[in-house]
Amino acid sequence: MMNEWNRMELATFLDENESGLLYFYTPLCGTCQVASRMLLIVEELVNCKMGKMNLNFYPDVAKNFAIESVPCLVIVQQGSVKETLYAFHSVPFLLEKIKYYLS
């Protein structure tokens with residue numbers, strides 16, 4: 001299961017110019033629950049660093065990433081945000097986006 005990250009883990013990920021996925025959610029969001037299940041499948045199919053953060057605890061992170069709503073998936077390549085997704089559509093859609101940047 002995707003690891004819950006804290007502020008320190010996020011900072012380390014970005015500072016070390018890593019590539020991977022940042023998933024932002026809130027627990028009571030129904031769409032986030034569907035997105036989380038989709039990402040569990042994605043996690044089995046791709047080999048990249050993945051972390052999730054509950055934005056209820058990190059409003060400053062939401063502001064820094066200019067996150068407009070949840071669920072939100074941020075694709076990071078070598079420490080830089082490449083794409084921010086709000087509509088997850090389907091597992092194949094997510095896989096295509098991820099593989100475009102991270103393969």
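Which residues in α2 meet which residues in α4?

## Ground rules

This is a predicted model, where local features need pLDDT of at least 70 and side-chain atom pairs count only at pLDDT 80 or more, while totals for chains, interfaces and linings use all residues. Residues are numbered from 1 along each chain as its sequence is written, and side-chain values use heavy atoms, leaving out hydrogens and water.

## Two helices that meet

On the α2 side we have M38, L39, I41, V42 and L45, and they meet V91, L94, L95 and I98 in α4. Meeting here means contact, with heavy atoms within 4.5 Å. Helices are DSSP runs (H or I, at least four residues), strands are runs of E (at least two), and numbering goes from the N terminus. Sorted by class, the residues of this contact are 9 nonpolar, no polar and no charged. Nonpolar covers Ala, Val, Leu, Ile, Met, Phe, Trp, Tyr, Cys and Pro; charged covers Asp, Glu, Lys and Arg; the others, Gly among them, are polar.

Two packed helices are described by the angle between their axes and the distance between the axes. For α2 and α4 (residues 91-102), the angle is about 50° and the axes are 10 Å apart. Axes are lines fitted to C-alpha atoms, for helices over the stretch in contact, with angles from 0 to 180 degrees between N-to-C directions.

## The largest pocket

The largest pocket has a volume of about 170 Å³, meaning the space filled by probe spheres set on grid points joined across faces, edges and corners. A pocket is an open set of points on a 1 Å grid over the protein atoms alone, where a 1.4 Å probe fits, with protein on both sides within 12 Å along at least five of seven lines; lining residues have an atom within 4 Å of a point.

Of its 14 lining residues, M1, Y23, S36, R37 and K52 are the closest to the centre. α2 gives the most to the lining, with 6 residues.

Most residues other than glycine have a negative phi, and most peptide bonds are trans. A66, in the loop between α3 and β4, has a positive phi of about 55°. The V70 to P71 peptide bond is cis, with omega near 0°.
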